[in-house]
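The model comes first, and the account follows.

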Amino acid sequence: MIDGNTESRVIEDVRTAARALPPGSRLPSVRELMARHRASPVTVQRALSRLAGEGLVVPRPGRGTFVAERATGSVTPKAPDLGWQEVALADRPPLQAGSLDQLLAVPPTGAIALTGGYLGPDLQPLAALGAALGRAARRPETWGRLAVEGLDPLREWFAREAGGHVRGHDVVICNGGQPALATTFRALAAPGEPVLVESPTYLGAIAALRAAGLRAVPVPTDEHGVRPELLAGAFALTGARVFYCQPLHANPSGTTLAAERRAAVLEAVTAAGAFLIEDDWARDLRIDGDAPPPLAAGDPDGHVVYLRSLTKSAAPGLRVAAVSARGAAGARLKAARIIDDFFVSGPLQHATLELVSTPAWRRHLKTLRTELRARRDALVAALGEHLPDWELQTVPAGGLHVWVRLPDGVDDAALTARAVAAGVLVSPGRPWFAAEPPAPHLRLTFAGAPAPDLAEGVRRLAKVMQK
């Protein structure tokens, strides 16, 4: 922040001088600007580069910086006319990001973020990440071309994590969970086809489906996960051949598919001759007890396409995920990845392998479980104390979020807007439904702020509800 302010002062100083002097005049030297603003040479050079980009100054190496020649004619440049683009794109449907842009927005200074999809900086293993990247960067092979499928030892690591029938040769490394999901939808379904999704479900999945020209068909869930009898009925009614599911700590609801439903869900998928895309995004975010194995571990015939990301449990910048599928589905996924981006960055893959292969990774996960439990419990306790009429469908045993049903008649979007004005950010429930929401909801995240801030955020929400 200090460097940014210093750079701004240098820019304004030089800009004022350049506008007051005739073209060709010499401007203060780098050394003078450093002394005047107590700035580093890098900061001054960056400021001068910005002004050169504006056409206001001309740096001449070895001689100094000079005022640029002014354009002749009108002082005010003509505003660009971009209206032609509306005509050129008129017959193409617009791409809709849904509410992803709001979910990914950086919180303003001073706001309490009860939304977002990543760990707060204080929960990220930054030291271990930096060390892993440094070690990886020093090896020459890190910077070479990799196979489309990804680094073999990293693929094997993801396969071991999935267990059961998943093997390293089934795995393709991807640039994060969202690209992996988008690629999988495109590989397994053709435009116009239906894809079954839990209701509610991850809004990024809804956006990716619609961007691929697919139809999201909701299947109701309860506190025990998707309802198998309704899933079987949806397959029969729609003829769908793909079901997107989050069996563990579903986002946004936090529910985990009950043990007694797992076999029934797989039977419904098998009977329909369909694929189940298992988004195992929260495998590393377990809080209470041991997590059940992935559904993919008990699938011998290749119905389950397994997706796992490390971004949520590490840091937003670790854009590494894996998707595994067998047979023709695996071949299609590989082909789709080639079209998308050839292969994931070598330094990123090598650094990821370095990270997950060290004791520091296990220590991080152990610490993370303790911290997430404290924050989840603080948020749940604050809701019970200050907003007792808000209903929690379940206290999640893992993940990053709690899902609350608001009292009837409350407008979740309007409440979200009033909350922003009160300095607290929440996610309204309606974008998480592929069709009309049955009731108003909010998704509240407990991973992005410490426990005292979470409690303060709920207190602010309670005051907003009273207005």
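Helix H7 and helix H13 cross in the left-handed sense (the near helix is turned anticlockwise from the far one by less than a right angle; clockwise would be right-handed). Helices (H or I, at least four residues) and strands (E, at least two) are DSSP runs numbered from the N terminus. This is a predicted model, in which local features need pLDDT of at least 70 and side-chain atom pairs count only at pLDDT 80 or more, while totals for chains, interfaces and linings use all residues. Residues are numbered from 1 along each chain as its sequence is written, and side-chain values use heavy atoms, with hydrogens and water left out.

H7 and H13 are in contact (heavy atoms within 4.5 Å) through Pro 153, Leu 154 and Trp 157 on the H7 side, and through Gln 349, Thr 352, Leu 353 and Val 356 on the H13 side. Five of these residues are nonpolar, two are polar and none is charged; the nonpolar class is Ala, Val, Leu, Ile, Met, Phe, Trp, Tyr, Cys and Pro, the charged class is Asp, Glu, Lys and Arg, and the others, Gly among them, are polar.

H13 also packs against helix H6, and this crossing is right-handed. From H6, the contact takes in Ala 128, Leu 129, Ala 132, Leu 133, Arg 135 and Ala 136; from H13, it takes in Pro 347, His 350, Ala 351, Glu 354 and Leu 355. By class there are eight nonpolar residues, one polar and two charged.

H15 and H16 form another right-handed crossing. Here Leu 415, Arg 418 and Ala 419 of H15 meet Leu 461, Val 464 and Met 465 of H16, a set of five nonpolar residues, no polar and one charged.

The table gives the geometry of these pairs. Axes are lines fitted to C-alpha atoms, for helices over the stretch in contact, and angles run from 0 to 180 degrees between N-to-C directions.

| Helix pair | Axis distance | Angle |
|---|---|---|
| H7 (residues 152-162) and H13 (residues 346-356) | within 9 Å | roughly 50° |
| H6 (residues 126-137) and H13 | 8 Å | about 125° |
| H15 (residues 412-421) and H16 (residues 451-466) | within 10 Å | roughly 120° |

At its angle, H6 is oblique to H13. H7 and H13 are likewise oblique to each other, as are H15 and H16. Angles under 35 degrees count as roughly parallel, over 145 as roughly antiparallel, 65 to 115 as roughly perpendicular and the rest as oblique.

**Sheets**

Two strands pair if DSSP finds at least two bridges between them. An open sheet of eight strands runs in the order E4-E11-E10-E9-E8-E5-E6-E7, with mixed pairing. Its edge strands, E4 (171-174) and E7 (225-226), each pair on one side only. Within this sheet, E8 (residues 242-245) and E9 (residues 275-279) run parallel and are joined by four bridges. Cys 245 lies opposite Glu 278 in E9.

An open sheet of four strands has the order E12-E13-E16-E15 and antiparallel pairing. E12 (391-392) and E15 (427-428) are at the edges with a single partner strand each, so one side of each has no neighbour in the sheet. E13 (residues 401-405) pairs with E16 (residues 441-445) over five bridges in the antiparallel sense, and Val 402 is opposite Leu 444 in E16.

**Confidence**

The average pLDDT (the predictor's confidence in each residue, from 0 to 100) is 89 for the protein, and 94% of the residues score at least 70. Confidence is highest in E8, at 98, and lowest in helix H5 (residues 100-104), at a mean of 68.
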